[in-house]
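Here is a short report for a reader meeting this structure for the first time. Take a look at the model, then read on.

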Amino acid sequence: MPRVDADLKLDFKDVLLRPKRSSLRSRSEVDLQRTFTFRNSKQTYNGIPVIAANMDTTGTFEMARVFSKHTLFTALHKHYSLEEWKKFAADFPECLEHVAASSGSGQADLEKLCRILEAVPLIKYICLDVANGYSEHFVEFVKTVRGKFPNHTIMAGNVVTGEMVEELILSGADIIKVGIGPGSVCTTRIKTGVGYPQLSAVIECADSAHGLKGHIISDGGCCCPGDIAKAFGAGADFVMLGGMLAGHDQSAGEVIEKNGKKVKLFYGMSSDTAMKKYVGGVAEYRASEGRTVEVPYKGDVEDTIRDILGGLRSTCTYVGAAKLKELSRRTTFIRVTQQSSHMFG
């Protein structure tokens, strides 16, 4: 018998953060740096826990170079060759502290990942990324990778429920990617009817992860700096961005002139565009679960980074959090029917 979970589930658009008294005099006093020690790898992380998504348009070497200067993190996409990795490591070794090598869950993916990690030993993070983190095969894959790389920090996902977060952590993952369908170019919810409102998913998954001394990434659904703040307020340890980083100089792809305006293509990694690029097309037994969009050209990502970090610091001053670490403890969400005025679009 099908059952209905009638408990209230919320998205970022359904809430605002309630302001609280604060002794902070300036945004400049806010510390956005976090330090984590991971449950399984025992590694320690230091940095601002915002991650460029491992999509081939945003998880680029160029993005990593700019992000690492700000101690931000980049999950590099899985389509870079071993030779490209070697060149990047030789030219920009200072970036390797804040990047992850990504992999799918196939045998060829694993073999390529092993070659990259052997050739570039300074890489300490692995991002195991599949659309459906609920499969038994993926759980076994996480165990296999943990066995091969006992000292690497493993990100794994995607899932949206507490019991699966726990299973992946107990199988060897350190950081669980949370989000099914919230991404700006993801059509999983339309094609499959499967998903979970992102704010509630983060709250529930963070609770499960932290009980086991694990960590989570809120992956998808952020449209503006305020959404990133809400994800951290909900308990996310890291927040992963795709659409907000599309269209920049550091995003892959050519700038296209269209009707007098400059645009760049941005697409989901399960879209027709990505499938044609990497595997020759969408297999007959599946549907495309991503869309391709034209994003206005935005120039250097530095401006967007400043906007995001400035917004986060401002959030912290509104709720009285001197450090990003304190934000979730200072967060009260208020349910709303409207985020902002739409008078001028």
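UniProt positions are given in the numbering used here, and such annotations may be inferred rather than shown by experiment. Keep in mind, too, that this is a predicted model.

**The annotated residues**

The UniProt record, an unreviewed entry, carries the annotation "active site" for C186 and T188. Where do they lie? C186 is found in a loop, between β9 (175–178) and α6 (188–192). T188 lies in helix α6.

Are these residues buried or exposed? Residues under 20% relative accessible area count as buried, those over 50% as exposed, and those in between as partly exposed. C186 has a relative accessible area of 22%, so it is partly exposed. T188 has a relative accessibility of 12%, so it counts as buried.

| Residue | Relative accessible area | Contacts |
|---|---|---|
| C186 | 22% | G181, E289 and R291 |
| T188 | 12% | I180, G181, G193, V194 and E289 |

G181 and E289 touch C186. G181 and E289 also touch T188.

**A sheet of three strands**

Now to the strands. Three of them form an open sheet, in the order β12-β13-β14, with antiparallel pairing. The edge strands are β12 (256–258) and β14 (292–296), and each pairs on one side only. On average, neighbouring strands of this sheet are turned by 50° against each other, direction ignored.

Strand β13 covers residues 261–267. Over five bridges, β13 pairs with β14 in the antiparallel sense. Which residue of β14 is the bridge partner of L265? The partner is E294.

**A pair of helices**

Two packed helices are described by the angle between their axes and the distance between the axes. Take helix α2 (residues 82–91) and helix α3 (residues 107–119). Their axes come within 10 Å and cross at roughly 25°. Angles under 35 degrees count as roughly parallel. Therefore α2 and α3 are roughly parallel to each other. The crossing of α2 past α3 is right-handed.

Which residues meet between α2 and α3? From α2 come L82, W85 and K86. From α3 come R115, I116 and A119.

Note on methods: Residues are numbered from 1 along each chain as its sequence is written. This is a predicted model: local features need pLDDT of at least 70, side-chain atom pairs count only at pLDDT 80 or more; totals for chains, interfaces and linings use all residues. Side-chain values use heavy atoms; hydrogens and water are left out. Two strands pair if DSSP finds at least two bridges between them. Helices (H or I, at least four residues) and strands (E, at least two) are DSSP runs, numbered from the N terminus. Axes are lines fitted to C-alpha atoms, for helices over the stretch in contact, and angles run from 0 to 180 degrees between N-to-C directions. Buried means under 20% relative accessible area, exposed over 50%, partly exposed in between (1.4 Å probe, protein chains only). Contact means heavy atoms within 4.5 Å. Angles under 35 degrees count as roughly parallel, over 145 as roughly antiparallel, 65 to 115 as roughly perpendicular and the rest as oblique. A crossing is left-handed if the near helix is turned anticlockwise from the far one by less than a right angle, and right-handed if clockwise. Lists of a residue's contacts leave out its neighbours within four places in sequence.
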